[in-house]
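Me: I have a model open and want a quick tour. Can you take me through it?

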Amino acid sequence: MSQIRLLVPLLVTAGILIGGNGLQGTFISLRASHEGFSTSLIGLVGAGYNIGFAVGCIYVTRILRAIGHIRTFSAMAAIASASSISMLLVIDPTFWFFMRLLSGLCFASLFATVESWLNASVTNANRARTLSVYRLVDLGSVTAAQYLIPGVGIGGFQLFAIISMALTLSLVPISLADRSSPIAPESIRFDVKKLWNISPLATIGCIVVGLTNAAFRSLGPIYGQEIGMSVTAIASFMSAGIIGGVVLQYPLGLYSDKLDRRVIILFATFGATAAALFLAIYAGSDEWLNMAGIFVFGAFAMPLYSLCSAHANDHAGEGEHALVSAGMLFFWSIGAIIGPLFASVLLDMFGPGSLFTYTAVVMVIFMAYTVVRMTARPGVPAEQRHGRFRNLLRTSAFFNKLAGDNRNGEER
């Protein structure tokens, strides 16, 4: 732990960013509804963030190489802070769309900067511990941030100010740390056709995760509001989905390392589909049934990104793992742009239950495609795979490097 102590400033900064981002995602949806935006417009605002995030993923390494880590972080934190507080000044869906787009671009850059910095600072000896602490920081900060919403309230200026303050204060740990900025990372190459050739199933899987999970993150608060949940219950509902995502990560990952990963992907998709249908058909407005349903949904749906990434890496050749990491995040972003837009229209037309009906339909189509792919080529035997399952966050392509299995001196 003495080795990790040197990384505490970066981990504190990451916690502030992750918590602020999680708070902003839920709060903006609720505040937009409070301001009278239609569900479709709320979906559009949510898609704006993901558009910006996709752009940020592509261009952040160029910025890092041009001006370095600390300058990139400072500039992006300042812009993100300003874009957040400016939404209080102009209550307009078009303006909010562009501010969320700008916020997405900044957060993609901020996460990439922190995770690139961490990756340059860790050693093989402390990598696993650092990764464990980072995941605890992620889970704890996102969950705790949700409860600021009922504690402070969705009206007024306070939460806008808290988000802006958090982004500004994220500069403090890095600025006060006695560390020099690391060498800028190599550019990340995006090759859409190459990733498709490596693994069509993983590519479609990442899009599906974006279509469904991003719709839940953007419109889950609106679903809760429309079925009559209190603001506190909505915070618990969103937290239950996030916490549920941790429960089956490692059991599913362990079995995917031993069996054909596509079988585990199919099983996880089936579980997510069943939970989505339960929420759409049976949960109704019962608060506890919704909490249980979203917890189970998160348990099966959230590991899908990591499972698809592991499957793609099974088929990747030497030197292609960084390309896979970047491509998976990019395709997830594409799904995350479309998902909130399409689901929000359905919510406007058919009511709150349609959010999870839509999710179940997308998951069923993915299950059918998985079966088709299982007949197209054999699975990679466990002894021939390039690496093991890793629980990945969709924060930046550099997280995949941070989570890499470097025991043999190889990036996985």
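**Rings, bridges and a patch**

Reply: Start with W96, which is buried, with a relative accessible area of 0%. Buried means under 20% relative accessible area, exposed over 50%, and partly exposed in between (1.4 Å probe, protein chains only).

Me: What kind of model is it, and how are residues numbered?
Reply: This is a predicted model, where local features need pLDDT of at least 70, side-chain atom pairs count only at pLDDT 80 or more, and totals for chains, interfaces and linings use all residues. Residues are numbered from 1 along each chain as its sequence is written, and side-chain values use heavy atoms, with hydrogens and water left out.

Me: Back to the rings. How many aromatic pairs are there?
Reply: The whole structure has 17 aromatic pairs. Rings of Phe, Tyr and Trp (its six-membered ring) pair if their centres lie within 6.5 Å; planes under 30 degrees apart count as stacked, over 60 as edge-to-face and the rest as tilted.

Me: Why is the pair of W96 and F160 called edge-to-face?
Reply: The planes of W96 and F160 stand at 70°, so the pair is edge-to-face, with ring centres 6.2 Å apart. This pair links distant parts of the chain: W96 is in helix α5 (residues 93-121) and F160 in helix α8, 64 residues apart. Helices here are DSSP runs (H or I, at least four residues), numbered from the N terminus.

Me: F160, buried or exposed?
Reply: F160 is buried, at 2% relative accessibility.

Me: How do F297 and F356 pair?
Reply: Edge-to-face, with 6.1 Å from centre to centre and 75° between the planes. That pair also links distant parts of the chain, 59 residues apart: F297 lies in helix α15 (residues 287-301), F356 in helix α18 (residues 354-376). Both F297 and F356 are buried.

Me: Which residues form an aromatic cluster?
Reply: Y49, F53, F107, F111 and W332 make up one cluster.

Me: Switching to charges. How many salt bridges does the structure hold?
Reply: It holds 3. A salt bridge is a side-chain nitrogen of Lys or Arg within 4 Å of a carboxyl oxygen of Asp or Glu. R31 meets E35 at 2.8 Å, N to O. R261 pairs with D257, their closest N and O atoms 2.9 Å apart. D260 and R262 meet at 2.9 Å, N to O.

Me: And how covered are those residues?
Reply: R31 is buried at 5%, while E35 is partly exposed at 29%. R261 is buried at 1%, and D257 is partly exposed at 22%. R262 counts as buried at 4%, with D260 partly exposed at 23%.

Me: Which residues make the nonpolar surface patch?
Reply: M165, L169, V172 and L176 make a patch of about 410 Å². Patches are made of residues with over 30% relative accessible area and no salt bridge; like charges are joined within 9 Å, nonpolar side chains (Val, Leu, Ile, Met, Phe, Trp, Tyr) within 5 Å. Accessible areas come from the Shrake-Rupley method with a 1.4 Å probe; for residues, only the protein chains shown count as cover. Helices α8 (158-169) and α9 (171-176) each supply at least two of the patch residues.

Me: Where is L176?
Reply: L176 sits in helix α9. L176 is exposed, with 71% relative accessible area.

Me: Last one. What does V114 contact, leaving aside neighbours within four places in sequence?
Reply: V114 is in contact with L10, T13, A14, L17 and F73. Contact means heavy atoms within 4.5 Å. V114 is in helix α5 and counts as buried at 2%.
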